[in-house]
Amino acid sequence: MGKVVMYSSVSVDGFVADENDQPGPLFDWLSSGDVPLDESGELKVSQTSYDYTRTYWDQIGVTIVGRHVFDLTDGWGGKPPSGIDHVVVVSHRPMPEGWAPEAPFHFVDGVEAAVAKAQELAGDRMVEVAAGDVGGQVLAAGLIDEVRMDVVPVVFGSGKRYFGSVHAQHLLDDPDVVIQGNRVLHLRYRVRR
């Protein structure tokens, strides 16, 4: 099975969005360069960020998100983002009424079930878990192998925390990747077991 990775862009003070669920400048690095990151041509990053991010995106088979993110994005219109094959949505509610059942979105109740379903769908590819409340719950359950952050030079002061509502200590190894891009610092940590 592939690794389970918690990921998001994050402010220097540890937030993935402000109090109103707005990312503010957290994704500005995705348009601060001249190298297209995907076929849309809308995302352009530095060569350094491209080399790191494109390689990572190409390894992802499934992304796990919470129902809140699913609702905020309107389920990406039924098409998983960034060329990902499947999205697993952690929700106590069923899929929305009128949602296309053939869309590659899978609704499960609980983070353990989400990781199990994602690993089944991903095979040996990577499972990405969106940072925030669901990511924090997966970390607390001991199911995260690696933490990846794209740290953006902004201080929010308050908002939605990268690790959600995690209240226990979790040790990470020293970062094994530290890459400086334009307006972003890419970091990768292995989770100690």
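Arg-148 stands opposite Arg-188 in E12. This pair belongs to a predicted model. E9 covers residues 146-152, and strand E12 covers residues 184-190. The two strands pair in the antiparallel sense, over six bridges.

E9 also pairs with E1. Here the strands run parallel, and seven bridges join them. Val-151 in E9 has Val-10 opposite.

## A buried strand

How many residues of strand E9 are buried? Seven of the seven are, so the strand is largely enclosed by the rest of the structure.

Look at its two faces. On one side sit Glu-146, Arg-148, Asp-150 and Val-152. On the other sit Val-147, Met-149 and Val-151. Both faces are covered, and these residues are all buried. Buried here means under 20% relative accessible area.

The largest nonpolar core has 28 residues. Which of them touch the most other members? They are Ile-64, Val-129, Ile-144 and Tyr-162. Several elements give two or more residues to this core, among them E1, E9 and E12. E5, strand E6 (86-90), E8 and H4 do too. Helix H3 (111-122) is also on the list. H3 gives the largest share, with five residues.

A second core is separate and has 17 residues. Tyr-7, Phe-15, Ile-60 and Val-154 are among them.

## The largest pocket

The largest pocket has a volume of about 1,300 Å³. Its lining is made of 44 residues. Which of these are closest to the pocket centre? They are Val-65, Val-69, Trp-76, Ala-130 and Ala-131.

E5 gives the most, with five residues. By type, the lining divides into 22 nonpolar, 15 polar and seven charged residues.

How values were computed. Residues are numbered from 1 along each chain as its sequence is written. This is a predicted model: local features need pLDDT of at least 70, side-chain atom pairs count only at pLDDT 80 or more; totals for chains, interfaces and linings use all residues. Side-chain values use heavy atoms; hydrogens and water are left out. On a 1 Å grid over the protein atoms alone, a cavity is a set of points where a 1.4 Å probe fits but cannot get out, and a pocket is an open set with protein on both sides within 12 Å along at least five of seven lines; lining residues have an atom within 4 Å of a point. Grid points are joined across faces, edges and corners, and a volume is the space filled by probe spheres set on the points. Helices (H or I, at least four residues) and strands (E, at least two) are DSSP runs, numbered from the N terminus. Ala, Val, Leu, Ile, Met, Phe, Trp, Tyr, Cys and Pro count as nonpolar, Asp, Glu, Lys and Arg as charged, and the others, Gly among them, as polar. Buried means under 20% relative accessible area, exposed over 50%, partly exposed in between (1.4 Å probe, protein chains only). Two strands pair if DSSP finds at least two bridges between them. A nonpolar core is a set of buried Ala, Val, Leu, Ile, Met, Phe, Trp, Tyr and Cys residues joined through side-chain atoms within 4.5 Å.
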